[in-house]
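I opened this entry to record what I looked up on ligand contacts and on the packing of helices. The structure is shown first, and my notes follow.

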Amino acid sequence: MLFRSIMSCDIGVYGMGVMGRNLALNIASKGFNVAVSNRSPAKVEECIKRSQEEHLGEKVFASTSPEEFCKSLIKPRKIIILVTAGAAVDKTIESLLPYLENGDILIDGGNEWYEESIRRTRELEEKGFNFISMGVSGGEIGARHGPSLMPGGRKECYEALENILTKIAAQVDNEACVTYIGGAGSGNYVKMVHNGIEYGDMELIAEVYNMMQNAGIADDEMSSIFAQWNQGELSSYLIEITSLILAKKDTDIAGLPAQEGHLIDRILDVAGSKGTGMMTVKEAAERGVSAPTIAAALFERYISDEKDLRMRAASMISGPSFDWSSVDRQQLVSDLKDALFCSKLVAYAQGLDIIHKASQKFNWGINLGECARIWKGGCIIRAKILDQIKRAFSKDTPLDNLLLDPDFADQLVKRQQAWRRVVGLAVATGVPVPALASSLEYFDSFRAQRLPLNMIQAQRDFFGSHTFERVDQPRGQFFHCRWTSEHA
Ligand code: 6PG
């Protein structure tokens, strides 16, 4: 195994899973010397093999022990840790600490719960080390060729890393998809919400696909529709891959013979999740932010997991009967496009609102326009619309909610009839569209001058003396009613 002479690597990557290996190769391909290490040496060898195949062998240096690894790094050392979030991060840090010196910078690139990063920052700073938690989005391909990077921690640490990070990040319109997010934990937070929006976006696309399928549109035709949408305002990575997925025949599954037909029709309708969607919904609740599209997307994954129960229920409980041949397909496809556009905007509005509230709470000073900008490339939610979202948050007047941007508000108003037709049809026919419908409900609640929540306040006061404000008295003054003779 190669071992680089003492202190000549610009940066180290610890953890040679798919993300770590690809990020290390990305770093090497941008001309930096990168040290790589892993708990089990086999994965380090795999990375070295790949680096040689890609003619990057000169730039990648294997270390078999934490000591060798740390010694091979230029000071202050910069180490990106890419191991499973949780205890493995603490274990890795513990194994490296004896070989680090004051001022060295550890960077966690995993999908970690942000409070863990705040704790690690505190503990490491007490010992004289620095810690950055950095969201990394884009999967394997992004890590190798340019991810979206969301680093949070001390600004001067970001500055020490900036040269490397801006070179390895995705590049869009001559700008790197990386920015300084804010203080400790903020990088994880923004990545977590990115994933929440990802859940929303994916569920919305799945619901649109389901509506088309119910209307009798074949996989190949749907693939063409998504490909066409990808040429316009809906252009995004997720729309692009949906088109490719719908076109894919069942011919390339390792260990199985090629079969007639499309693969999508043979994939079990039970969705997994690793936790960031759940964390986003928990955080929305914690921050008092309404995020029903993201929540619907998460809960639909959970109900999908109840496959056996669903099968039993389907045999017992029937929905309305409906003749889908009566639906004008062309009109439906056009309506679905508008409904998807509007709902997607709403999902972004919810996600950005969660970030905004957390940023206020933790004094992170997060620039939402910058979040939109760094999501324009490399990451899973990259989309054309992010350019307009970025502009909406970069205007002189601060924007309290994306839907209050006059251009977006105008677009939602113009498309709302199509959106309502889609949700109406789904409700009438019993096709579940929880994300499309809850996005529309959010839109209607958000634009409502008056909601019936006066009734909630009255009920709360009736049974629990929780008091209420009045429309004819200044805000902040609370009243209680003796609703009946039994009330005090
Ligand atoms: C990304 C992805 C990445 C991963 C998610 C999937 O931005 O690159 O979001 O982080 O694909 O962990 O999450 P689920 O398994 O929960 O769908």
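The model I consulted is predicted.

Entry 1, the ligand. I looked up the 14 residues around the ligand and noted that Ser137, Glu198, Tyr199, Lys274 and Arg301 come nearest. For Tyr199, I found a polar side-chain atom 2.4 Å from an oxygen atom of the ligand. Asn195 also places a polar side-chain atom 3.0 Å from a ligand oxygen atom. Gly139 takes part through its backbone, with a polar atom 3.2 Å from an oxygen atom of the ligand.

Helix 9 contributes Glu221, Ile225 and Trp229 to the contact, and helix 14 contributes Arg329, Val333, Leu336, Lys337 and Leu340. By class, I listed five nonpolar, no polar and three charged residues in this contact of helix 9 with helix 14.

I found helix 11 (residues 276–287) and helix 12 (residues 292–304) packed at about 135 degrees, with axes 9 Å apart. Helix 11 is therefore oblique to helix 12. Their crossing is left-handed. I listed Gly277, Met278, Thr280 and Val281 from helix 11, and Ile294, Ala295, Leu298, Phe299 and Tyr302 from helix 12, as the contact residues. The contact of helix 11 with helix 12 holds seven nonpolar, two polar and no charged residues.

Terms used:
Residues are numbered from 1 along each chain as its sequence is written. This is a predicted model: local features need pLDDT of at least 70, side-chain atom pairs count only at pLDDT 80 or more; totals for chains, interfaces and linings use all residues. Side-chain values use heavy atoms; hydrogens and water are left out. Contact means heavy atoms within 4.5 Å. Helices (H or I, at least four residues) and strands (E, at least two) are DSSP runs, numbered from the N terminus. Ala, Val, Leu, Ile, Met, Phe, Trp, Tyr, Cys and Pro count as nonpolar, Asp, Glu, Lys and Arg as charged, and the others, Gly among them, as polar. A residue is near a molecule or strand if one of its heavy atoms lies within 4 Å of it. A polar contact is a pair of N or O atoms within 3.5 Å; within protein, one must be able to donate a hydrogen and the other to accept it, and residues adjacent in sequence count only if both atoms are side-chain atoms. Axes are lines fitted to C-alpha atoms, for helices over the stretch in contact, and angles run from 0 to 180 degrees between N-to-C directions. Angles under 35 degrees count as roughly parallel, over 145 as roughly antiparallel, 65 to 115 as roughly perpendicular and the rest as oblique. A crossing is left-handed if the near helix is turned anticlockwise from the far one by less than a right angle, and right-handed if clockwise.
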